[in-house]
Amino acid sequence: MALRALVARKSLGLGFQSEAKILAVGSAAHSRGFQTVSLPDLPYDYGALEPAISGEIMQLHHQKHHQTYITNYNKALEQLHDAIAKGDAAAVVKLQSAIKFNGGGHVNHSIFWKNLTPVSHGGGEPPHGSLGWAIDTNFGSMEALVHKINAEGAALQGSGWVWLALDKESKKLVVETTANQDPLVTKGPTLVPLLGIDVWEHAYYLQYKNVRPDYLKNIWKVINWKNASEVFEKESP
């Protein structure tokens, strides 16, 4: 346990170094008239979600994959800024796919980290209050919701995300999937993400190999329903 804690602290230290580099880039970019993004800290150690999600996966997922989306997004923003300044419409159009993919990767992962929490901090405890009532009303039960999300997440071809969302227009909870790194807003401007589960292989392969259903089954043990409830309370019409 002590060794694991030491490894986690060292790993987090590497994350802080990466963040410092990104912040330096962000400062320079801001002086040029646009704002870049930086890697958010995790509110828990990399190994804190074990055994549901291994510390090795969390470290690679956060430090490597999320950081790569941020690096590429910031690079695309800088190129966009230059293209606009030059009046290069073709370059502006060409950059949209990179901005959508990498910006979406940053948005989605920033939500994902908040959607998880260790069992010792309430991970997996079902929601009560208004969100719990809304889940029963819209899906019949928590068990039915979990079954639906797991089924749609397992059936999603290739890479993507499965979401529990609040539709502010219909005032109902819905389950949606998005491909690749498309953020939920691409499915509709009135959809607010309450819970997003990453079903890219990098989120589970080192631990679960290619058995995505097992990953989906176990991730519920560390879902942060408190965070989802707070977003629901804030965004409910």
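Predicted model: local features only at pLDDT ≥ 70, side-chain atom pairs only at ≥ 80, totals over all residues.
Good morning. I shall begin with the strands. Strand β1 covers residues 160–167. Eight of the eight residues of β1 are buried, so this strand is largely enclosed by the rest of the structure. In a regular strand, the side chains alternate between the two faces of the sheet.

Next, the partners of β1. With strand β2, residues 172–179, β1 pairs in the antiparallel sense over eight bridges. Within this pairing, valine 162 stands opposite threonine 177 of β2. The two strands form a hairpin with four residues between them, and in the turn lysine 171 has a positive phi of about 60°. With β3, β1 again pairs in the antiparallel sense, over seven bridges. Here tryptophan 163 has glycine 196 of β3 as its bridge partner. Strand β3 itself, residues 191–198, is mostly covered, since seven of its eight residues are buried.

I turn now to the nonpolar cores. In soluble globular proteins, nonpolar side chains tend to be buried together. In this model, the largest nonpolar core has 49 residues. Which residues have the most contacts inside it? They are Leu173, Ile219 and Trp225. Strand β1 gives the most to this core, with six residues. Apart from this core lies another, of seven residues, with Phe34, Ala76, Leu95 and Ile99 among them.

Let us look at isoleucine 219 in more detail. Leaving out residues up to four places away in sequence, isoleucine 219 touches Ile53, Phe112, Leu116 and Ile197. Ile219 is also one of the buried residues of helix α7, residues 212–219, together with Arg212, Tyr215, Leu216 and Asn218. The buried residues of α7 pack against helices α3, α5 and α6 and against strand β3.

Trp225 brings us to a pair of helices. Two packed helices are described by the angle between their axes and the distance between the axes. Helix α4, residues 129–139, and helix α8, residues 225–235, pack at an angle of about 90°, with their axes 8 Å apart. Because angles of 65 to 115 degrees count as roughly perpendicular, α4 is roughly perpendicular to α8. On the side of α4, the contact is made by Ser130, Leu131, Ala134 and Ile135; on the side of α8, by Trp225, Ala228, Ser229, Phe232 and Glu233.

Finally, I wish to consider two residues of helix α2, which spans residues 55–86. Is histidine 61 buried or exposed? Histidine 61 is buried, because its relative accessible area is 1% and the limit for a buried residue is under 20%. The side chain of histidine 61 makes a polar contact with the side chain of histidine 109, at 2.9 Å. Neighbours within four places in sequence aside, histidine 61 is in contact with His66, His109, Phe112, Trp113, Asp198, His202 and Ala203.

Threonine 68 lies in the helix α2 as well. With a relative accessible area of 41%, threonine 68 is partly exposed. Threonine 68 and asparagine 102 are 34 residues apart in sequence, and their C-alpha atoms are 8.2 Å apart in space.

Thank you for your attention.

Conventions
Residues numbered from 1 in each chain as written. Heavy atoms only, no water. Core = buried A, V, L, I, M, F, W, Y, C linked by side-chain atoms within 4.5 Å. Buried < 20%, exposed > 50% of the residue type's maximum accessible area, 1.4 Å probe, protein only. Contact = heavy atoms within 4.5 Å. Polar contact = N/O pair within 3.5 Å; in protein donor to acceptor, adjacent residues only side chain to side chain. Pairing = 2+ DSSP bridges. Axes fitted to C-alpha atoms, helices over the stretch in contact; angles between N-to-C directions. Parallel < 35°, antiparallel > 145°, perpendicular 65-115°, else oblique.
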